[in-house]
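Here's a quick briefing to read alongside the structure. Have it open and click along as you go.

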Amino acid sequence: MSQKMSALHRLSDNDLARRLAQDIPDGAYVNLGIGMPNKVAGFVPAGREVMYQTENGLLGVGPTPAPGTEDPELIDASKQLVTTIPGASFFEHSMSFAMMRGGHIDIAVLGAYQVAENGDLANWATLDEKHPPAVGGAMDLVVGVPTIYVIMRHTGRDDAVKLMERCTYPLTGLGVVSRVYTDLCVLDVAPEGFRLVELAPGNTLEAVQAVTGAKIHI
Amino acid sequence: MIDKRVATLAEAIAPVREGAVVMIGGFGTSGIPFGLIDALAKSGVGGLTIVSNNAGAGEEGISILLRNGQVARVICSYPRTPGSIWFERRYEAGEVELEVVPQGTLAERIRAAGAGLGGFFTPTGYGTRLAEGKETRQIDGRGQVLEMALHADIALIRAEEADRWGNLSFHATARNFNPVMAMAAKHTIVEARHVLEGPMDPGAVVCPGIFVGSVTEYGVRP
């Protein structure tokens, strides 16, 4: 096991976000999930105009406000203070989710607990029943947005496998994931299962396969 | 003459009855009618079902109602925000029931009630735990779940501006659930940062006054 782990070369969270950001095209309408997905906005290559949507009613989310210019009623889905960019708009909640469910958003970037080779996503609840469940907007996003990118570390706490044949945690959506970006590789969800797009620099397929719970096709 | 202005928050909240279903606007800390919630807490009315996106954080807003034991049931999408200690305490003690609803389904169930619809089919949640026990149908080749309209007795709303006809506008992302909840309740109670002397520019109205029961000025901003 230790030999297996030592052979892995993991991208930092920032490098992983930078890698995914290369695949956000000019002109895209994008929803970023809470946590690591939110980092992607900082790495989209210059010259591309991207409109970020936040579920609480803003299209055209801008960066963190400069000190002294904060507006306490201008926040994103993470409840963080944000700004607007030129071309931005505000709207109420049912319209915000019509944007998502109605297929108007191009790409959503989400975190995950588990992704299965059939594209099933689990990212809202674990098997821990002590804590109250909380779903937010994840289930609406995954059924409506045509391209769902997952960004996550390849393995979980104690090296738990997160890419698997079938999810064991409660599902967020069935067959919804298009592509997974991890600190070890990029995988497409294809008809045959996970298909390798690329390995993070320095890794071998054998080493990455060893920490993956489903076959990686090439 | 139409004049929906009410002088005090206590007066505004008086129509809330024991066991009422109360929608409360807001998302995170933005657009929450803190003044009306405080007045509801002081009224001591209990047995409430609260419909809101979150279940309060810290020692303010919905948390006060939970702390006071005024809440029997919560319908929301995300009860587990950082600092939602009073919700977690009441939930773990089995003192409050919870119905978790996907956020877009929550908004649309509220909209359906306001729009006179019985319910709707949505692909959201199909095949997941949150669709268990619900009627499903294949529509356009996709599995869809029947979700029912969600009505309320009362809606508590935070607006930026209001006029005496009950027309409302909102500031930035404080809009969120407020306009749609205003449509879905039998009686909608509004606190507005400014109550205008004259009429609002009709083109600036986001929530038409027909959906509003009363407006009270409450200038405090979070």
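What follows is a short tour by topic, starting with how to read the numbers.

This is a predicted model, where local features need pLDDT of at least 70, side-chain atom pairs count only at pLDDT 80 or more, and totals for chains, interfaces and linings use all residues. Residues are numbered from 1 along each chain as its sequence is written, chains are lettered from A and ligands numbered from 1 in the order in which they are written, and side-chain values use heavy atoms, with hydrogens and water left out.

**Nonpolar cores**

- In the largest nonpolar core, which has 39 residues, B:V16, B:V22, B:V74 and B:L156 touch the most other members. (A nonpolar core is a set of buried Ala, Val, Leu, Ile, Met, Phe, Trp, Tyr and Cys residues joined through side-chain atoms within 4.5 Å.)
- Helix α2 (residues 34-43) of chain B gives this core its largest share, six residues. (Helices are DSSP runs of H or I, at least four residues, and strands are runs of E, at least two, numbered from the N terminus.)
- Beyond four places in sequence, B:V16 is in contact with B:V22, B:L40, B:V45, B:L48, B:I154 and B:I189. (Contact means heavy atoms within 4.5 Å.)
- Another core, of 33 residues, lies apart from that one, and its members include A:M99, A:M152, A:L184 and A:L187.

**Helix α4 of chain B**

- Residues B:W86, B:F87 and B:R90 are buried in this helix, which runs over residues 85-92. (Buried means under 20% relative accessible area, exposed over 50%, partly exposed in between, with a 1.4 Å probe and protein chains only.)
- Looking down the axis of α4(B), the buried residues fall within an arc of 100°, so they line one face of the helix. (The arc is that of the directions from the helix axis to the C-beta atoms.)
- They pack against α3 (62-67), β3 (71-76) and β4 (97-100) of chain B.
- Just after α4(B) comes B:G94, with a positive phi of about 70°.

**A mixed sheet in chain A**

- Three strands make an open sheet of chain A in the order β7-β6-β9, with mixed pairing. (Two strands pair if DSSP finds at least two bridges between them.)
- At the edges are β7 (121-122) and β9 of chain A, each pairing on one side only.
- β6 (residues 114-116) and β7 of chain A are antiparallel over two bridges, and A:Q114 has A:A122 as its bridge partner.

**A:S178**

- You'll find A:S178 in the loop between β9 (163-164) and β10 (179-181) of chain A, partly exposed at a relative accessible area of 22%.
- Beyond four places in sequence, A:S178 is in contact with A:P146, A:T147, A:I148, A:D188 and A:V189.
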